[in-house]
Amino acid sequence: MTIWEMLAVFAAGVSAGTINTIVGSGTLITFPVLLATGLPPVTATVSNALGLIPGSISGAIGYRAELAGQRDRVLRLAVAALLGGLGGATLLLVLPSTAFETIVPVLVTIALVLVILQPRLTRAVQARRARRGTSTRRNGGPALFAGLLLASVYGGYFTAAQGIIYLSLMGMLLDDSLQRLNAVKNILAAVVNSVAALYFLFVAHFDWTAVVLIAVGSALGGQLGARVGRRLPPTALRVLIVTVGAVAIAQLLIRRYG
């Protein structure tokens, strides 16, 4: 890489770490930059996954206050993230790139619709439970585990917008604040990135320069994102999620059909 390419990759890492901590979809920043430096798509994906691990961990640490009292929930859902991340990493190496590129925009669109409708849907679900005399399951039950497992398969494959999908699922099935759910999302993203990256270390090619630049940048961005994200009110956070998701969909469609 030239010095200017290295600076661009580092800046992309900072931006990705910041946006991943607040919402997700940071890969839509780093991935095109890595491609622009001349890296092949799979090498860029693998290098990106390795580089974003420090950012995910940094963001999770930045949200540690919101994680209070969620240990059991995190441990249970992390199992789904681990299994799904490993499955997605495996698919990256055995499936053609067009396989997931076709369905990804659909998944992200569904997630955004759920985020937009989540307050109304949550009230409807709570009213239904009140009528039946049942309560919200603390950890979301089998439905949330299965949903996060599938979302993590996608996350292990490409990672972009997985945070949005996580938040939409947890917002629907857990009775908790969006900020606390965002803290859990950061842990799950860290698990998926880590298990996928460890798998890639043994079976795939990667670029160490890109990995180091994104790692340092995303770690800084993770702390910045935590400072900004935890100050956003629920409505503002929801608007940001939808905005980033819409941009993600547009970029994915352009890359697929443009």
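**Salt bridge, cavities and a nonpolar patch**

The structure contains 1 salt bridge, a term used for a side-chain nitrogen of Lys or Arg within 4 Å of a carboxyl oxygen of Asp or Glu. This is a predicted model, in which local features need pLDDT of at least 70, side-chain atom pairs count only at pLDDT 80 or more, and totals for chains, interfaces and linings use all residues. Residues are numbered from 1 along each chain as its sequence is written, and side-chain values use heavy atoms, without hydrogens and water.

Arg71 pairs with Asp72 in a salt bridge, with 3.8 Å between the closest N and O atoms. Arg71 is exposed, because its relative accessibility is 62%, while Asp72, at 48%, is partly exposed (exposed is over 50%, buried under 20%, partly exposed in between, with a 1.4 Å probe and protein chains only).

The largest cavity has a volume of about 140 Å³. Its lining comprises 15 residues, with Asn20, Ser56, Gln162, Ala189 and Asn193 nearest the centre. Two or more lining residues come from each of α1 (3–22), α4 (53–62), α8 (162–173) and α9, and α9 gives the largest share, 4 residues. By type, the lining of the largest cavity has 12 polar, 2 nonpolar and 1 charged residues.

Helix α9 also holds Leu198, one of the residues making a nonpolar surface patch of about 1,100 Å². Elements giving two or more residues to this nonpolar patch are α5 (71–94), α9 (178–203) and α10 (208–229).

Technical notes
Patch = residues over 30% accessible without salt bridge, like charges linked within 9 Å, V, L, I, M, F, W, Y side chains within 5 Å. Areas by Shrake-Rupley, 256 points an atom, 1.4 Å probe, with all protein chains shown as cover. 1 Å grid on protein atoms, 1.4 Å probe; cavity = no way out; pocket = protein on both sides within 12 Å on 5 of 7 lines; lining within 4 Å. Points joined across faces, edges and corners; volume = space filled by probe spheres on them. Nonpolar A, V, L, I, M, F, W, Y, C, P; charged D, E, K, R; others polar.
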